[in-house]
Amino acid sequence: MKPLFLIPARGGSKGVPGKNIRPLAGVPLICHSIRHALATAPSADDVVVSTDSEEIAEIAKKAGANVPFLRPAELATDTAGSIGVMLHAADTLNQAGHDYDCIVLLQATSPLRIPAEITRALQVFEEKRPDMVVSVRNSSANPYYNLFETNGEGFLEISKGPGNITRRQDAPPVWEIDGAIYVISLDALRSVTSLASLKRIIPLPSEAPGIDIDTEADFAAAEALLAHK
């Protein structure tokens, strides 16, 4: 199995300007994910940052990642999909003689992931060979227990099941995708237009705090958690 460890990080960000290189616990945000990739990749050559920003590229290189190309502008907009970004990286590297059969996607906005969980996700992928392995955590919201919808008369009804579960521990477990780790088959990726079409399985639920940095409050929460690690 030949995995490409890919960290996408475009220059533009409306929620938190410059967030991918904003310092978190003393280092640029993207460097946390680069460290996680370097700790688990078979070779540092396989840790690649996809960015449209020269500034991000320089910071990524200094942190030990490869930046063998700059992402084209059409793949760096607010509406650009992740599939296009991943296939562009894989195809560009393939043309340079580097052939991969899966992508380990590590979002720069998930700095609290546990590297050992990346290794575990890769093991599950290699053993089961699904389209995708995705990291999850236990969800506090459960459609069998405390998630409701409004019916046609405006009254609340339980989202799923008969509505007779009165204790959380009796409800079927449900999982929240945390966005920290994706291991994706390139063959499967080339056959779909949406990640939702892929057959997905999970490793063990994550033990890391579930923070995907998108706001100032997320940044503050991540700082606090890292300060107590």
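Student: Where is A25 placed?
Tutor: A25 sits in the loop between β2 (23–24) and β3 (27–28). Helices (H or I, at least four residues) and strands (E, at least two) are DSSP runs, numbered from the N terminus. This is a predicted model, in which local features need pLDDT of at least 70, side-chain atom pairs count only at pLDDT 80 or more, and totals for chains, interfaces and linings use all residues. Residues are numbered from 1 along each chain as its sequence is written, and side-chain values use heavy atoms, with hydrogens and water left out.

Student: What is phi of A25?
Tutor: A25 has a positive phi of about 55°, although A25 is not a glycine. Its relative accessibility is 44%, so A25 counts as partly exposed. The classes are buried for under 20% relative accessible area, exposed for over 50%, and partly exposed in between (1.4 Å probe, protein chains only).

Student: And what about phi of R129?
Tutor: R129, a residue other than glycine, has a positive phi near 55°. R129 lies in the loop between α4 (115–128) and β6, and at 47% relative accessibility R129 counts as partly exposed.

Student: Now α2. Which of its residues are buried?
Tutor: In helix α2 (residues 54–62), the buried residues are I56, A57 and A60. These residues cover an arc of only 100° around the axis, which puts them on the same side of α2. The arc is that of the directions from the helix axis to the C-beta atoms.

Student: Why do residues three or four places apart point the same way in an α-helix?
Tutor: An α-helix has 3.6 residues a turn, so residues with that spacing point the same way.

Student: What do the buried residues of α2 pack against?
Tutor: They pack against α1 (29–40) and β4 (47–50), where contact means heavy atoms within 4.5 Å.

Student: Which exposed residues are on the face turned away from that buried side?
Tutor: That face of α2 carries E54, E55 and K62. E55 counts as exposed at 52% relative accessibility. Between E55 and L29, the C-alpha to C-alpha separation is 13 Å in space, and the two are 26 residues apart in sequence.

Student: What happens at the start of α2?
Tutor: A side-chain oxygen of S53 reaches to within 3.3 Å of the backbone nitrogen of E55 there. After α2 comes G64, whose phi is positive, near 105°.

Student: Changing topic: how many cavities of 30 Å³ or more are there?
Tutor: The structure holds 1 such cavity, and about 70 Å³ of space lies in the largest cavity. On a 1 Å grid over the protein atoms alone, a cavity is a set of points where a 1.4 Å probe fits but cannot get out; a pocket is an open set with protein on both sides within 12 Å along at least five of seven lines; lining residues have an atom within 4 Å of a point. Grid points are joined across faces, edges and corners, and a volume is the space filled by probe spheres set on the points.

Student: Which residues lie nearest the centre of the largest cavity?
Tutor: Of its 15 lining residues, R113, R137, D178, A180 and P209 lie nearest the centre. The elements that give two or more residues to this lining are β6 (132–138) and β9 (175–185), and β9 gives the most, with 3 residues.

Student: Is D178 buried or exposed?
Tutor: D178, in strand β9, counts as buried at 11% relative accessibility. A polar contact of 2.9 Å joins the side chains of D178 and R137. A polar contact is a pair of N or O atoms within 3.5 Å; within protein, one must be able to donate a hydrogen and the other to accept it, and residues adjacent in sequence count only if both atoms are side-chain atoms. A polar atom of the D178 side chain also lies 3.0 Å from the backbone nitrogen of A180.

Student: How much space lies in the largest pocket?
Tutor: About 570 Å³. The pocket is lined by 27 residues, and P8, A9, R10, R71 and Q107 are the closest to its centre. Helix α3 (residues 82–95) gives the most to this lining, with 3 residues.
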